[in-house]
Amino acid sequence: MVLAGKTALITGSTSGIGKAMAESLAAAGAGIVLNGFGEKDAIEQQRAALEEQYQVKVTYHGADMARPSEIEEMMMVAATEHGRVDILVNNAGIQHVADIADFPPERWDAIIAINLSSAFHTTRLALPAMREAGWGRIINVASVHGLVASKHKAAYVAAKHGIIGLTKATALDAAGSRVTCNAICPGWVLTNLVQQQVDALAQREGLEQDAAKARLVGEKMPTAEFVTPEQIAALTAFLCGPHANQISGASFPVDGAWTAQ
Ligand code: NAD
């Protein structure tokens with residue numbers, strides 16, 4: 001229980017990677033602030049189950065990461081309800097796939113706001129209390145697309161490259177206060193976000209689901225297997241632990257050798 005007494009706020013933790021991260025941090029003893037969209041009953045079920053299984057305090061705030069005023073409110077409520085946010089995981093994200101010439105400007109704005117600017121806002125609001133406490137962890141969920149590009153993902157690639165820059169800048173500003181900041185760069189993980197791309201490929205090429213999944217993964221990942229949310233969550237827990245005290249400003253690909261090519 002290396003994180004007993006700590007509180008972790010994970011944006012976009014009602015599904016996919018963020019949901020698995022909330023579970024791994026609760027299992028390590030941290031209280032949890034969930035965030036993200038979804039059905040009210042399903043979110044309450046997730047909240048109550050985490051609380052019961054791991055005997056930690058779990059709350060939920062539904063702030064829209066595209067709206068700075070809602071982010072400010074979430075950070076204030078989290079600090080009031082839990083005392084302090086010790087671990088901040090910036091994970092909420094969306095995708096839109098289109099050639100840059102056809103890319104809808106409002107989709108560009110939404111992706112930059114949710115996948116990049118929200119992390120600036122949560123970080124600027126969480127850092128003062130972490131500095132004062134002399135301990136903190138900030139983990140940004142970037143992507144392989146923070147390291148390399150793919151076609152038709154202009155906004156996502158720009159936001160994810162941006163968040164790797166933000167990770168380095170945050171690590172430098174936080175250095176000396178025992179607050180670290182790192183980025184995780186997953187390859188394909190089969191979540192809602194990727195299922196939409198599987199469905200689009202299956203429809204475009206007339207493929208069965210399994211064939212579309214195999215094609216998607218095989219095109220980019222030499223290991224030809226999806227990364228699992230639990231694998232990302234385990235790295236997150238490690239980065240929050242004492243063995244990671246001197247790891248800061250780094251970006252970790254978990255990508256089946258995608259970016260080794
Ligand atoms: P997902 O769609 O399963 O989860 C996204 C989460 O973000 C959900 O909880 C959703 O409700 C929340 N969210 C979306 N818009 C929001 C908003 N405006 N305000 C608050 N919450 C919002 O997708 P995922 O794959 O688990 O994605 C999580 C992160 O991982 C994203 O940043 C994504 O870019 C990144 N990522 C995913 C993959 C992958 O292959 N799935 C690969 C690399 C990086």
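The model is predicted, so local features need pLDDT of at least 70, side-chain atom pairs count only at pLDDT 80 or more, and totals for chains, interfaces and linings use all residues. Residues are numbered from 1 along each chain as its sequence is written, and side-chain values use heavy atoms, leaving out hydrogens and water.

**Where the ligand sits**
- Domain 1 (7-187 + 228-260) and domain 2 (190-226) both give residues to the shell around the ligand, so it lies between them; the bounds come from an automatic or database domain assignment.

**Who's around it**
- There are 30 residues around the ligand, and Ser-15, Asn-91, Tyr-156, Val-189 and Thr-191 come nearest (a residue is near if one of its heavy atoms lies within 4 Å).
- The shell splits into 15 nonpolar, 13 polar and two charged residues; Asp, Glu, Lys and Arg count as charged, and Gly is among the polar ones.
- Three helices, α1 (16-27), α5 (154-174) and α6 (192-205), each supply at least two shell residues, and α6 gives the largest share, three (helices are DSSP runs, H or I, of at least four residues, numbered from the N terminus).

**Polar contacts** (pairs of N or O atoms within 3.5 Å)
- A backbone N or O atom of Met-65 is 2.8 Å from a nitrogen atom of the ligand.
- Gly-187 has a polar backbone atom 3.3 Å from a ligand oxygen atom.
- Taken alone, the ligand exposes 830 Å², and the protein buries 94% of that (accessible areas by the Shrake-Rupley method, 1.4 Å probe).

Conventions
Polar contact = N/O pair within 3.5 Å; in protein donor to acceptor, adjacent residues only side chain to side chain.
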